[in-house]
Amino acid sequence: MALALEPRREPSRAMMVAAPVIAVLATLLAGAILFTLLGHDGLQAVYQIFVVPLFNPYRWQDLFVKAAPLAIIAIGLSIGFRANIWNIGGEGQYILGGLAGTGIALMTLDLDGFWILPVMIAAGVFGGMIWAGVPALLRTRFNVNEILSSLMLNYVAIQLLYYLMRGPWKDPMGFNFPQTAMFSAAQTLPTIVPGTLIHLGVPIAAALALTAWFLMARSVTGFQMRVMGLAPDAARYGGFSQASTVWLAMLVGGGMAGLAGILEAAGPYGQMVPQFPTGYGYTAIIVAFLGRLHPLGILVAALVLALTYVGGESAQTVIGLPSAATGVFQAMMLFFLLAADILVRYRLVARKKAGSAPVAASARTPTAPERGRAETEAETA
(Lines give C-alpha, C1' and ligand atoms only; values in the text may rest on other atoms or scores of the structure.)
Protein backbone atom coordinates (compact mmCIF):
# COMPACT_ATOMS: atom_id res chain seq x y z
CA MET A 1 0.00 0.00 0.00
CA ALA A 2 1.20 3.54 -0.80
CA LEU A 3 -0.21 6.98 0.02
CA ALA A 4 -0.99 9.26 -2.90
CA LEU A 5 -2.54 12.69 -3.40
CA GLU A 6 -5.85 12.70 -5.23
CA PRO A 7 -7.47 15.96 -6.44
CA ARG A 8 -10.71 16.91 -4.72
CA ARG A 9 -13.74 17.85 -6.76
CA GLU A 10 -13.83 21.17 -4.89
CA PRO A 11 -11.68 22.73 -2.14
CA SER A 12 -12.41 21.34 1.31
CA ARG A 13 -13.93 23.91 3.67
CA ALA A 14 -13.05 21.73 6.64
CA MET A 15 -9.38 21.68 5.68
CA MET A 16 -9.43 25.46 5.15
CA VAL A 17 -10.13 25.76 8.86
CA ALA A 18 -8.06 22.77 9.96
CA ALA A 19 -4.87 23.67 8.04
CA PRO A 20 -3.88 26.61 10.33
CA VAL A 21 -4.52 24.45 13.41
CA ILE A 22 -2.39 21.65 11.93
CA ALA A 23 0.35 24.18 11.13
CA VAL A 24 0.44 25.52 14.70
CA LEU A 25 0.49 22.04 16.26
CA ALA A 26 3.19 20.87 13.84
CA THR A 27 5.23 23.97 14.71
CA LEU A 28 5.03 23.16 18.42
CA LEU A 29 6.15 19.59 17.84
CA ALA A 30 8.93 20.44 15.38
CA GLY A 31 10.12 23.31 17.57
CA ALA A 32 10.41 21.07 20.62
CA ILE A 33 12.41 18.50 18.63
CA LEU A 34 14.63 21.08 16.93
CA PHE A 35 15.67 22.96 20.06
CA THR A 36 16.21 19.69 21.91
CA LEU A 37 18.66 18.65 19.19
CA LEU A 38 20.36 22.05 19.51
CA GLY A 39 21.03 21.41 23.19
CA HIS A 40 18.14 23.35 24.74
CA ASP A 41 15.13 22.11 26.67
CA GLY A 42 12.75 21.90 23.70
CA LEU A 43 9.59 21.24 25.66
CA GLN A 44 10.37 24.07 28.04
CA ALA A 45 11.01 26.38 25.07
CA VAL A 46 7.59 25.63 23.61
CA TYR A 47 6.01 26.02 27.04
CA GLN A 48 7.64 29.39 27.67
CA ILE A 49 6.76 30.79 24.25
CA PHE A 50 3.24 29.50 23.64
CA VAL A 51 1.80 28.72 27.07
CA VAL A 52 3.26 30.97 29.77
CA PRO A 53 2.04 34.30 28.27
CA LEU A 54 -1.52 32.96 28.12
CA PHE A 55 -1.68 32.37 31.88
CA ASN A 56 0.25 35.44 32.98
CA PRO A 57 -2.17 38.37 33.35
CA TYR A 58 0.69 40.86 33.09
CA ARG A 59 1.67 39.51 29.67
CA TRP A 60 -1.80 39.81 28.16
CA GLN A 61 -1.34 43.53 27.68
CA ASP A 62 1.86 42.83 25.75
CA LEU A 63 -0.01 40.36 23.54
CA PHE A 64 -2.63 42.91 22.56
CA VAL A 65 -0.08 45.67 21.99
CA LYS A 66 2.06 43.49 19.72
CA ALA A 67 -0.92 41.91 17.95
CA ALA A 68 -2.42 45.28 16.97
CA PRO A 69 0.21 46.34 14.37
CA LEU A 70 0.43 42.79 13.03
CA ALA A 71 -3.34 42.70 12.50
CA ILE A 72 -3.49 46.16 10.90
CA ILE A 73 -0.71 45.41 8.40
CA ALA A 74 -2.04 41.91 7.65
CA ILE A 75 -5.56 43.17 6.96
CA GLY A 76 -4.22 45.65 4.42
CA LEU A 77 -2.02 43.05 2.74
CA SER A 78 -4.81 40.45 2.64
CA ILE A 79 -7.00 42.71 0.51
CA GLY A 80 -4.32 42.77 -2.16
CA PHE A 81 -3.52 39.08 -1.79
CA ARG A 82 -7.15 38.25 -2.55
CA ALA A 83 -6.73 40.05 -5.87
CA ASN A 84 -3.37 38.33 -6.55
CA ILE A 85 -1.53 41.60 -5.93
CA TRP A 86 1.51 40.55 -3.90
CA ASN A 87 2.64 43.48 -1.78
CA ILE A 88 5.72 42.25 0.12
CA GLY A 89 6.74 45.78 1.14
CA GLY A 90 4.76 46.02 4.35
CA GLU A 91 7.93 46.52 6.37
CA GLY A 92 9.07 49.52 4.34
CA GLN A 93 5.59 51.03 4.31
CA TYR A 94 5.39 50.53 8.09
CA ILE A 95 8.69 52.40 8.49
CA LEU A 96 7.67 55.23 6.16
CA GLY A 97 4.40 55.65 8.01
CA GLY A 98 6.29 55.96 11.26
CA LEU A 99 8.74 58.45 9.72
CA ALA A 100 6.00 60.59 8.17
CA GLY A 101 4.13 60.83 11.46
CA THR A 102 7.37 61.50 13.31
CA GLY A 103 8.11 64.38 10.95
CA ILE A 104 4.84 66.03 11.98
CA ALA A 105 5.67 65.35 15.63
CA LEU A 106 9.06 67.04 15.36
CA MET A 107 7.51 70.09 13.70
CA THR A 108 4.91 70.43 16.49
CA LEU A 109 7.01 69.60 19.56
CA ASP A 110 6.46 73.05 21.05
CA LEU A 111 2.74 73.13 20.26
CA ASP A 112 -0.23 71.66 22.05
CA GLY A 113 -3.69 70.66 20.93
CA PHE A 114 -5.94 67.70 20.26
CA TRP A 115 -5.43 68.09 16.51
CA ILE A 116 -1.74 67.09 16.53
CA LEU A 117 -2.21 63.34 16.96
CA PRO A 118 -4.84 63.03 14.18
CA VAL A 119 -2.54 64.95 11.81
CA MET A 120 0.32 62.60 12.72
CA ILE A 121 -1.90 59.57 12.01
CA ALA A 122 -3.03 61.03 8.68
CA ALA A 123 0.61 61.69 7.74
CA GLY A 124 1.51 58.11 8.66
CA VAL A 125 -1.23 56.69 6.44
CA PHE A 126 -0.20 59.00 3.60
CA GLY A 127 3.48 58.09 3.99
CA GLY A 128 2.72 54.38 3.70
CA MET A 129 0.56 55.00 0.65
CA ILE A 130 3.27 57.03 -1.08
CA TRP A 131 5.81 54.24 -0.50
CA ALA A 132 3.37 51.61 -1.80
CA GLY A 133 2.57 53.81 -4.79
CA VAL A 134 6.07 53.30 -6.20
CA PRO A 135 5.68 49.55 -6.95
CA ALA A 136 2.08 50.23 -8.06
CA LEU A 137 3.35 52.74 -10.64
CA LEU A 138 6.10 50.38 -11.78
CA ARG A 139 3.59 47.54 -12.15
CA THR A 140 0.95 49.47 -14.09
CA ARG A 141 3.30 51.52 -16.31
CA PHE A 142 6.22 49.17 -16.91
CA ASN A 143 4.83 45.77 -15.85
CA VAL A 144 7.51 45.43 -13.14
CA ASN A 145 6.82 42.59 -10.72
CA GLU A 146 5.47 44.17 -7.52
CA ILE A 147 6.96 41.40 -5.39
CA LEU A 148 10.53 42.42 -6.24
CA SER A 149 10.01 46.18 -6.28
CA SER A 150 8.10 46.33 -2.99
CA LEU A 151 10.57 43.97 -1.32
CA MET A 152 13.64 45.99 -2.36
CA LEU A 153 12.03 49.22 -1.16
CA ASN A 154 12.03 47.78 2.36
CA TYR A 155 15.82 48.12 2.49
CA VAL A 156 15.67 51.64 1.08
CA ALA A 157 13.26 52.59 3.88
CA ILE A 158 15.59 51.13 6.51
CA GLN A 159 18.56 53.12 5.18
CA LEU A 160 16.46 56.29 5.11
CA LEU A 161 15.54 55.69 8.75
CA TYR A 162 19.19 55.23 9.74
CA TYR A 163 20.18 58.40 7.91
CA LEU A 164 17.54 60.50 9.65
CA MET A 165 18.32 59.05 13.08
CA ARG A 166 22.04 59.73 12.75
CA GLY A 167 21.67 63.05 10.99
CA PRO A 168 18.86 65.60 10.59
CA TRP A 169 16.48 64.19 13.22
CA LYS A 170 19.03 63.26 15.88
CA ASP A 171 18.10 64.66 19.27
CA PRO A 172 20.81 67.17 20.28
CA MET A 173 19.91 66.53 23.93
CA GLY A 174 19.97 62.75 23.55
CA PHE A 175 23.55 62.11 24.78
CA ASN A 176 24.66 61.33 21.21
CA PHE A 177 22.22 58.41 20.86
CA PRO A 178 20.78 58.07 17.31
CA GLN A 179 17.17 58.84 18.15
CA THR A 180 14.64 61.65 17.96
CA ALA A 181 13.34 63.69 20.86
CA MET A 182 10.58 62.12 22.92
CA PHE A 183 7.05 62.91 21.78
CA SER A 184 4.93 65.20 23.92
CA ALA A 185 1.72 64.14 25.67
CA ALA A 186 -0.35 65.56 22.81
CA GLN A 187 1.61 63.41 20.33
CA THR A 188 1.28 60.12 22.22
CA LEU A 189 -1.52 57.58 21.98
CA PRO A 190 -3.71 57.52 25.10
CA THR A 191 -4.04 54.27 27.01
CA ILE A 192 -7.55 52.84 27.12
CA VAL A 193 -6.99 50.63 30.16
CA PRO A 194 -5.47 52.60 33.04
CA GLY A 195 -2.32 51.10 34.50
CA THR A 196 -1.56 49.01 31.40
CA LEU A 197 0.21 49.42 28.06
CA ILE A 198 -2.99 48.87 26.05
CA HIS A 199 -3.30 51.98 23.91
CA LEU A 200 -5.80 53.32 21.40
CA GLY A 201 -4.24 51.30 18.58
CA VAL A 202 -5.73 48.06 19.93
CA PRO A 203 -9.42 48.99 19.43
CA ILE A 204 -8.47 50.66 16.14
CA ALA A 205 -7.15 47.28 14.90
CA ALA A 206 -10.39 45.54 15.91
CA ALA A 207 -12.51 48.24 14.26
CA LEU A 208 -10.50 48.01 11.04
CA ALA A 209 -10.99 44.23 10.95
CA LEU A 210 -14.76 44.60 11.21
CA THR A 211 -14.77 47.36 8.58
CA ALA A 212 -12.64 45.34 6.17
CA TRP A 213 -14.84 42.28 6.66
CA PHE A 214 -17.96 44.28 5.83
CA LEU A 215 -16.42 45.98 2.78
CA MET A 216 -14.97 42.78 1.34
CA ALA A 217 -18.24 40.91 1.81
CA ARG A 218 -20.81 43.59 0.96
CA SER A 219 -19.26 46.23 -1.31
CA VAL A 220 -18.64 46.36 -5.05
CA THR A 221 -14.97 47.07 -4.36
CA GLY A 222 -14.65 43.92 -2.30
CA PHE A 223 -16.37 41.97 -5.05
CA GLN A 224 -13.92 43.44 -7.56
CA MET A 225 -10.97 42.28 -5.48
CA ARG A 226 -12.31 38.76 -5.10
CA VAL A 227 -13.22 38.35 -8.75
CA MET A 228 -9.89 39.75 -9.95
CA GLY A 229 -8.12 37.13 -7.84
CA LEU A 230 -10.34 34.19 -8.75
CA ALA A 231 -11.06 34.91 -12.43
CA PRO A 232 -9.07 37.79 -13.96
CA ASP A 233 -10.56 37.30 -17.43
CA ALA A 234 -14.10 37.39 -16.06
CA ALA A 235 -13.24 40.51 -14.05
CA ARG A 236 -11.97 42.31 -17.16
CA TYR A 237 -15.05 41.17 -19.10
CA GLY A 238 -17.19 42.62 -16.31
CA GLY A 239 -15.52 46.00 -16.68
CA PHE A 240 -13.07 45.87 -13.77
CA SER A 241 -9.73 47.47 -14.59
CA GLN A 242 -6.61 45.56 -13.60
CA ALA A 243 -4.62 48.79 -13.23
CA SER A 244 -7.17 50.30 -10.86
CA THR A 245 -7.19 47.06 -8.87
CA VAL A 246 -3.40 47.18 -8.53
CA TRP A 247 -3.47 50.79 -7.38
CA LEU A 248 -6.28 50.17 -4.92
CA ALA A 249 -4.67 47.07 -3.43
CA MET A 250 -1.24 48.66 -3.07
CA LEU A 251 -2.52 51.96 -1.64
CA VAL A 252 -4.79 50.24 0.88
CA GLY A 253 -2.00 47.90 1.95
CA GLY A 254 0.50 50.74 2.17
CA GLY A 255 -1.88 53.00 4.06
CA MET A 256 -2.67 50.31 6.61
CA ALA A 257 1.01 49.53 7.11
CA GLY A 258 1.76 53.25 7.49
CA LEU A 259 -1.02 53.51 10.06
CA ALA A 260 0.52 50.66 12.04
CA GLY A 261 3.87 52.46 11.86
CA ILE A 262 2.71 55.74 13.31
CA LEU A 263 0.62 53.98 15.96
CA GLU A 264 3.77 52.15 17.08
CA ALA A 265 5.88 55.31 17.05
CA ALA A 266 3.26 57.28 19.01
CA GLY A 267 2.45 54.33 21.25
CA PRO A 268 5.01 51.89 22.68
CA TYR A 269 8.07 53.80 21.41
CA GLY A 270 7.07 57.41 22.06
CA GLN A 271 9.82 58.50 19.64
CA MET A 272 11.63 57.22 16.55
CA VAL A 273 14.68 55.00 17.05
CA PRO A 274 16.87 52.85 14.75
CA GLN A 275 15.32 49.72 16.31
CA PHE A 276 11.93 50.66 14.85
CA PRO A 277 12.08 48.01 12.05
CA THR A 278 10.83 45.00 14.03
CA GLY A 279 9.95 42.66 11.17
CA TYR A 280 6.22 43.29 11.63
CA GLY A 281 5.82 43.81 7.88
CA TYR A 282 7.19 40.34 7.14
CA THR A 283 5.43 38.61 10.03
CA ALA A 284 2.14 40.16 8.90
CA ILE A 285 2.36 38.07 5.72
CA ILE A 286 2.29 34.92 7.87
CA VAL A 287 -0.57 36.42 9.89
CA ALA A 288 -2.58 37.07 6.73
CA PHE A 289 -2.29 33.50 5.47
CA LEU A 290 -2.72 31.93 8.90
CA GLY A 291 -5.95 33.90 9.19
CA ARG A 292 -7.06 32.60 5.75
CA LEU A 293 -7.06 36.19 4.38
CA HIS A 294 -10.21 36.82 6.44
CA PRO A 295 -10.16 39.99 8.61
CA LEU A 296 -11.64 38.25 11.65
CA GLY A 297 -9.36 35.24 11.24
CA ILE A 298 -6.44 37.65 11.02
CA LEU A 299 -7.24 38.99 14.50
CA VAL A 300 -6.86 35.48 15.93
CA ALA A 301 -3.73 34.80 13.88
CA ALA A 302 -2.20 38.08 15.05
CA LEU A 303 -2.56 36.96 18.66
CA VAL A 304 -0.88 33.64 17.82
CA LEU A 305 2.09 35.36 16.19
CA ALA A 306 2.23 37.92 18.98
CA LEU A 307 2.83 34.95 21.29
CA THR A 308 6.11 34.27 19.49
CA TYR A 309 7.31 37.81 20.28
CA VAL A 310 6.11 37.98 23.88
CA GLY A 311 6.98 34.36 24.71
CA GLY A 312 10.29 34.63 22.89
CA GLU A 313 11.34 37.44 25.21
CA SER A 314 10.43 35.31 28.24
CA ALA A 315 12.26 32.27 26.89
CA GLN A 316 15.45 34.31 26.43
CA THR A 317 15.56 35.25 30.12
CA VAL A 318 14.23 32.01 31.64
CA ILE A 319 16.02 29.28 29.67
CA GLY A 320 18.56 31.26 27.64
CA LEU A 321 16.93 30.65 24.27
CA PRO A 322 18.53 32.75 21.50
CA SER A 323 16.61 35.76 20.18
CA ALA A 324 16.50 34.13 16.74
CA ALA A 325 14.12 31.49 18.14
CA THR A 326 11.18 33.82 17.46
CA GLY A 327 11.98 33.93 13.76
CA VAL A 328 12.53 30.17 13.66
CA PHE A 329 9.07 29.47 15.06
CA GLN A 330 7.48 31.97 12.68
CA ALA A 331 9.24 30.45 9.66
CA MET A 332 8.24 26.92 10.66
CA MET A 333 4.64 28.04 11.06
CA LEU A 334 4.59 29.41 7.52
CA PHE A 335 6.27 26.28 6.16
CA PHE A 336 3.78 23.93 7.81
CA LEU A 337 0.86 26.12 6.78
CA LEU A 338 1.90 25.93 3.12
CA ALA A 339 2.34 22.17 3.45
CA ALA A 340 -1.05 21.68 5.13
CA ASP A 341 -2.74 23.82 2.47
CA ILE A 342 -2.10 21.03 -0.04
CA LEU A 343 -4.87 19.08 1.71
CA VAL A 344 -7.37 21.81 0.86
CA ARG A 345 -7.37 20.79 -2.82
CA TYR A 346 -6.03 17.23 -2.50
CA ARG A 347 -6.81 14.26 -0.27
CA LEU A 348 -4.56 11.43 0.83
CA VAL A 349 -5.65 8.03 -0.47
CA ALA A 350 -4.14 4.56 -0.05
CA ARG A 351 -3.37 2.72 -3.27
CA LYS A 352 -1.84 -0.65 -4.05
CA LYS A 353 1.63 -0.48 -5.51
CA ALA A 354 1.77 -1.40 -9.19
CA GLY A 355 3.19 -4.91 -9.69
CA SER A 356 3.31 -5.61 -5.98
CA ALA A 357 1.22 -8.78 -6.31
CA PRO A 358 1.99 -10.57 -9.61
CA VAL A 359 -0.63 -13.05 -10.80
CA ALA A 360 0.43 -16.71 -11.02
CA ALA A 361 0.95 -18.02 -14.55
CA SER A 362 -1.53 -20.87 -14.06
CA ALA A 363 -4.28 -18.48 -13.02
CA ARG A 364 -3.56 -15.91 -15.69
CA THR A 365 -6.17 -15.38 -18.40
CA PRO A 366 -4.64 -16.29 -21.79
CA THR A 367 -4.36 -13.60 -24.41
CA ALA A 368 -6.05 -13.84 -27.85
CA PRO A 369 -2.86 -14.97 -29.72
CA GLU A 370 -2.21 -17.61 -27.08
CA ARG A 371 -5.78 -18.92 -27.42
CA GLY A 372 -5.34 -19.03 -31.22
CA ARG A 373 -2.13 -21.08 -30.97
CA ALA A 374 -3.77 -23.45 -28.50
CA GLU A 375 -6.74 -24.05 -30.80
CA THR A 376 -4.42 -24.68 -33.80
CA GLU A 377 -2.36 -27.17 -31.82
CA ALA A 378 -5.55 -28.95 -30.72
CA GLU A 379 -6.85 -29.26 -34.32
CA THR A 380 -3.47 -30.59 -35.52
CA ALA A 381 -3.42 -33.17 -32.82
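Predicted model: local features only at pLDDT ≥ 70, side-chain atom pairs only at ≥ 80, totals over all residues.

Next I checked the length of H6, which covers residues 116–142. Its 27 residues, at 1.5 Å each, should span 39 Å, and the end C-alpha atoms are 39 Å apart, so the two agree. I also looked for a bend in H6 and found a kink of about 30° at Gly133, shortly before Pro135.

Then I asked myself: at what angle do H6 and H7 pack? The angle is about 150°, and the axes are 9 Å apart, with H7 running over residues 146–166. Angles over 145 degrees count as roughly antiparallel, so H6 is roughly antiparallel to H7. The crossing is right-handed. I noted who touches whom: Trp131, Val134, Pro135, Leu138 and Arg139 of H6 meet Glu146, Ser149, Ser150, Leu153, Val156 and Ala157 of H7. Sorted by class, that contact holds 7 nonpolar, 2 polar and 2 charged residues.

**Helices H4 and H8**

I moved on to H4 (residues 57–82) and H8 (residues 201–218), whose axes lie 8 Å apart at an angle of about 20°. That makes this pair roughly parallel, and H4 passes H8 in a left-handed crossing.

From H4, I listed Phe64, Val65, Ala68, Ile72, Ile75, Ile79 and Arg82 in the contact; from H8, Gly201, Val202, Ala205, Leu208, Ala209, Ala212 and Met216. How many of these residues are nonpolar, polar and charged? I wrote down 12 nonpolar, 1 polar and 1 charged.

**Helices H13 and H14**

My last stop was H13 (residues 295–318) with H14 (residues 325–340). Their axes come within 9 Å and cross at roughly 160°, which makes H13 roughly antiparallel to H14. I noted this crossing as right-handed.

On the H13 side I found Val304, Leu305, Thr308, Tyr309 and Gly312, and they meet Thr326, Phe329, Gln330 and Met333 in H14. The class count for this contact is 5 nonpolar and 4 polar residues, with no charged ones.

How values were computed:
Residues numbered from 1 in each chain as written. Heavy atoms only, no water. Axes fitted to C-alpha atoms, helices over the stretch in contact; angles between N-to-C directions. Helix = DSSP H or I, 4+ residues; strand = E, 2+ residues; numbered from the N terminus. Parallel < 35°, antiparallel > 145°, perpendicular 65-115°, else oblique. Left-handed = near helix turned anticlockwise from the far one by under 90°. Contact = heavy atoms within 4.5 Å. Nonpolar A, V, L, I, M, F, W, Y, C, P; charged D, E, K, R; others polar. Expected span 1.5 Å × (residues − 1). Bend = angle between axes of the 7 residues up to and from the residue.
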